[in-house]
Amino acid sequence: MTPPDANLKKQERSHIGPLIGMAAVVIFGIGIIVYWMGEEVATAPEEADTAIEALSTEDGVSRNIEPAPAE
């Protein structure tokens, strides 16, 4: 609990720097994530040649899957 004689205005002034710093770090982190996702989308292959070659089913049997023909 806060003591009854606390000077809240002084505490607000002394905590503004760290709060701005934490906000800057959060914004920087979000920016890095957005940049990373943008690079992943930009460098994605044009066609779906990376189709899954084998799909494991519930019975554990691996089956080959052919990609759909291009239209």
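1. Helices (H or I, at least four residues) and strands (E, at least two) are DSSP runs, numbered from the N terminus. The protein chain has one helix and two strands, in the order α-β-β from the N terminus on. Helix H1 covers residues 8-42, and Val34 is found in it.

2. This is a predicted model, in which local features need pLDDT of at least 70 and side-chain atom pairs count only at pLDDT 80 or more, while totals for chains, interfaces and linings use all residues. Residues are numbered from 1 along each chain as its sequence is written, and side-chain values use heavy atoms, with hydrogens and water left out.

3. On confidence, pLDDT is the predictor's confidence in each residue, from 0 to 100. Its mean for the protein chain is 77, and 63% of the residues reach 70 or more. Among the elements, H1 has the highest mean pLDDT (93) and strand S1 (residues 54-56) the lowest (47). The pLDDT is below 50 over residues 48-57, a stretch with 14 contacts in the model beyond near neighbours in sequence; a contact means heavy atoms within 4.5 Å.

4. Buried means under 20% relative accessible area, exposed over 50%, and partly exposed in between (1.4 Å probe, protein chains only). Of the 71 residues of the protein chain, 0% count as buried. Val34 is exposed, because its relative accessible area is 56%.

5. Accessible areas come from the Shrake-Rupley method with a 1.4 Å probe; for residues, only the protein chains shown count as cover. The protein chain exposes about 7,000 Å², of which carbon and sulfur atoms supply 64%.
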